[in-house]
Amino acid sequence: MSGRKFCVGGNWKMNGDQKSIADICKTLSSAPLDPNTEVVIGCPAIYLMYARNLLPCEVGLAGQNAYKVEKGAFTGEISPAMLKDIGADWVILGHSERRAIFKESDELIAEKAQHALDQGLKVIACIGETLEEREAGKTNEVVARQMCAYAQKIKDWQNVVVAYEPVWAIGTGKTATPDQAQEVHAFLRQWLSDNISKDVSASLRIQYGGSVTAANAKELAKKPDIDGFLVGGASLKPEFVEIINARQ
C-alpha cells in the first residue's frame, strides 16, 4: 500500500431535499464505515448546514463550488469563507459539469482553487477528458493541460485531492475499466513527479470518478495509483456504504 489514506467523496450534485438528505445521513450514521477511509460529502449549498448537523462528525462536508474572492457583488455565488463559516471543510472545484455547462476555464478554476486553499478549505480538484478527446488520443494532453493550470496557482498541495473523472463515464453507466483508470492515474503520478516534485507525487491522493458503483469499486480500489473515488449517483443510495468500504 502507498500510505496515502483512501478518500471517498459523494457528490450529490443538484439532488436531494430535506427528507432524502435525512435518510442518507441516517444510513451513513448507522453503517460501519471503514475507519481507514476519509469520507467527504458534496452537498447542495442550500442544505449544507442541515447536512452538517445530521452527518457523523468524522465525515467531511464539501461545497460543490465556490468563487475566487471572499465577498462582494457576485450575485448567486458563495465564497470559501462562507463555506467555512457554516461548517464545511472542503470544496469541489473544476467538475466537468462546471467546465462544460457553465463554461468555467482552466484558469478560473485554478484561481478558485488557490483562493479556497488560502482560506483554509481543502480542495477536490477535478480533471478529465471528453469522449471526443479520448477517441482522438488526447487524454494525457488534456489532463496535463488541466493540471498545468492548477500548478501555476497552487504552491502547497497538502490540502488537495485530485479527482480524475473521464467525462464520457459520468452518469452514462460507462466506466473506464480498472486498467484504463490506472493508466491515467499512473500518467498523472508521473506528471506530478516531473512537474511538481517527487514528494507531491508520492503523497497526493488521486480519486477516480465516473459511474463508480458497489459492483466495480472493489476492483478499482485494488489499483496502486487509485486513492479513492468521487461518486455521483451512487452516493445518493445505500450502496455508497459499500463503496466507502471498498478497501476492506
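Which residues of helix α10 are buried? The structure is a predicted model, in which local features need pLDDT of at least 70, side-chain atom pairs count only at pLDDT 80 or more, and totals for chains, interfaces and linings use all residues. Residues are numbered from 1 along each chain as its sequence is written, and side-chain values use heavy atoms, with hydrogens and water left out.

Helix α10 spans residues 214-221, and its buried residues are Asn216, Ala217, Leu220 and Ala221. Buried means under 20% relative accessible area, exposed over 50%, and partly exposed in between, with a 1.4 Å probe and protein chains only. Helices (H or I, at least four residues) and strands (E, at least two) are DSSP runs, numbered from the N terminus. Viewed down the axis of α10, the buried residues fall within an arc of 135°, so they line one face of the helix. The arc is that of the directions from the helix axis to the C-beta atoms. The buried residues of α10 pack against β1 (6-11), α8 (178-195), β7 (205-208), β8 (228-231) and α11 (240-244). Contact here means heavy atoms within 4.5 Å.

Asn216 lies in α10. Its relative accessible area is 19%, so Asn216 is buried. Asn216 touches Thr175 and Ser211, not counting residues up to four places away in sequence. Ser211 is found in the loop between β7 and α10. With 17% relative accessibility, Ser211 also counts as buried.

Most residues other than glycine have a negative phi. Ser211, although not a glycine, has a positive phi of about 55°. Lys13 is not a glycine either, and has a positive phi of about 55°. Lys13 is placed in the loop between β1 and α1 (18-30).

A further packing site involves α8. The axes of helix α7 (residues 139-153) and α8 come within 11 Å and cross at roughly 40°. Therefore α7 is oblique to α8. Axes are lines fitted to C-alpha atoms, for helices over the stretch in contact, and angles run from 0 to 180 degrees between N-to-C directions. Angles under 35 degrees count as roughly parallel, over 145 as roughly antiparallel, 65 to 115 as roughly perpendicular and the rest as oblique. On the α7 side, the contact is made by Thr139, Asn140, Val143, Ala144, Met147, Cys148 and Ala151. Val184, Phe187, Leu188, Trp191 and Leu192 contribute from α8. These residues divide into 10 nonpolar, two polar and no charged.

How values were computed
Nonpolar A, V, L, I, M, F, W, Y, C, P; charged D, E, K, R; others polar.
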